Amino acid sequence: MVTQDYGMTETLGPGLGMECINGNGMHLNENYYFELVDPVTKQPTNKNKGELVVSTIYNECYPIIRYCTSDIVEITNDPCPCGCHSPRIIKFLGRSDDMLKVKGVKIFVSQIEDFIFSHSIFNHQYEIVISRKDYKDTLTINIEYKEKLTAEIDKDLSEYTNIVEEEFKSKFGISSKINIVDIKSIKRSPGKVIRVRDLRKLKV
Ligand SMILES: [Zn+2]
C-alpha cells in the first residue's frame, strides 16, 4: 500500500505528517506544535483552514519556532479508525506565496491554472497580468491557443472568449479580460517559470 508523507527541508526532511493505512489524510506528528494562521495577516485562525505554522524543539541544535510553511491546508479532528487522535491534513489548498489578492479577492495561481487547463483549446502557456486603472485592479490573462491561429479560428474565438470570461467570473467572483493569443507568443523565461506580472506597484 502507498501512503503519503509530509515534510520539508527546513524541518529536517519527512515526518511532519504521515498517513496511516486508512489513507484518509496525514496525521500530524505530535513531536511538533502546529498552528493555522491567516495566510495574509499571519494572525492565528480558529478555522480548520489556513497556512500551517510549525514549531519544535525536538531537535535541540536546530529549534524551529513558528516557522511559516507557506502551505495552506485543511485540517480535520474527526476520529480516524486507526485510533490515533492527532489532527490530519486532508487537503492542500495552495501555497501562500502562490496567492494573489485582486479586487479584494484572494485567488491562487494554481486555481487559475486549473481553470485554464480545464479548457482543451488552450496550450498550457499563460500569463497573468495585474494592473491598476483609476484606482481599481484589472486582471488580464493571456493564454496561448493550442495551435497556430488563423483568421477563421480568430473569428470563432471572440464568442468563446466571452464564454470563458463569464465562466471565470462565476467561478472566482471577479471579472477578467481573457486574451487568447497565438501559440508560442508568450515569452518563455529561462529557469523558474514566471506566470504573474503584477504592475500595480509601478502604477498609481
Ligand atoms: Zn489514522
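In the predicted model shown here, strand β9 contributes the most to the lining of the largest pocket, namely three residues. The chain is assigned a domain 1 (5-97) and a domain 2 (103-198), with bounds that come from an automatic or database domain assignment. This is a predicted model, in which local features need pLDDT of at least 70 and side-chain atom pairs count only at pLDDT 80 or more, while totals for chains, interfaces and linings use all residues. Residues are numbered from 1 along each chain as its sequence is written, and side-chain values use heavy atoms, with hydrogens and water left out.

**The largest pocket**

- The space in the largest pocket comes to about 330 Å³. A pocket here is an open set of points on a 1 Å grid over the protein atoms alone, where a 1.4 Å probe fits, with protein on both sides within 12 Å along at least five of seven lines. Grid points are joined across faces, edges and corners, and the volume is the space filled by probe spheres set on the points.
- Its lining has 15 residues, and P39, K49, G50, I72 and K106 are the closest to the pocket centre; a lining residue has an atom within 4 Å of a point.
- At least two lining residues come from each of β5 (49-56) and β9 (105-108). Strands are DSSP runs of E with at least two residues, helices are runs of H or I with at least four, and both are numbered from the N terminus.
- Seven lining residues are nonpolar, four are polar and four are charged. Ala, Val, Leu, Ile, Met, Phe, Trp, Tyr, Cys and Pro count as nonpolar, Asp, Glu, Lys and Arg as charged, and the others, Gly among them, as polar.

**Two domains**

- Domain 1 and domain 2 each give at least three residues to the lining of the largest pocket.
- Between the C-alpha centres of domain 1 and domain 2 there are 33 Å.

- V109, I112, F115 and I116 are buried in helix α1 (residues 109-117), where buried means under 20% relative accessible area, exposed over 50% and partly exposed in between (1.4 Å probe, protein chains only).
- These residues are on the same side of α1 because they cover an arc of only 120 degrees around the axis, taken from the directions from the helix axis to the C-beta atoms.
- An α-helix has 3.6 residues a turn, so residues three or four places apart point the same way.
- The partners that the buried residues of α1 pack against are β8 (99-102), β9, β10 (122-133), β11 (136-145), α2 (151-172) and β13 (196-198), with contact meaning heavy atoms within 4.5 Å.

- L28 sits in strand β3 (residues 26-28) and counts as buried because its relative accessibility is 6%.
- Beyond its neighbours within four places in sequence, L28 contacts L16, G17, F34, I75, S86, P87 and I89.
- L28 and D137 are 109 residues apart along the chain, and 39 Å separates their C-alpha atoms.
- S131 belongs to strand β10 and counts as buried, as its relative accessibility is 10%.
- From S131 to F117 is 14 residues in sequence and 23 Å in space, C-alpha to C-alpha.

**Positive phi angles**

- R66, in strand β6 (residues 64-76), is not a glycine but has a positive phi of about 50 degrees. At 45% relative accessibility, R66 is partly exposed.
- D134, in the loop between β10 and β11, is not a glycine either and has a positive phi of about 50 degrees. With 63% relative accessibility, D134 is exposed.
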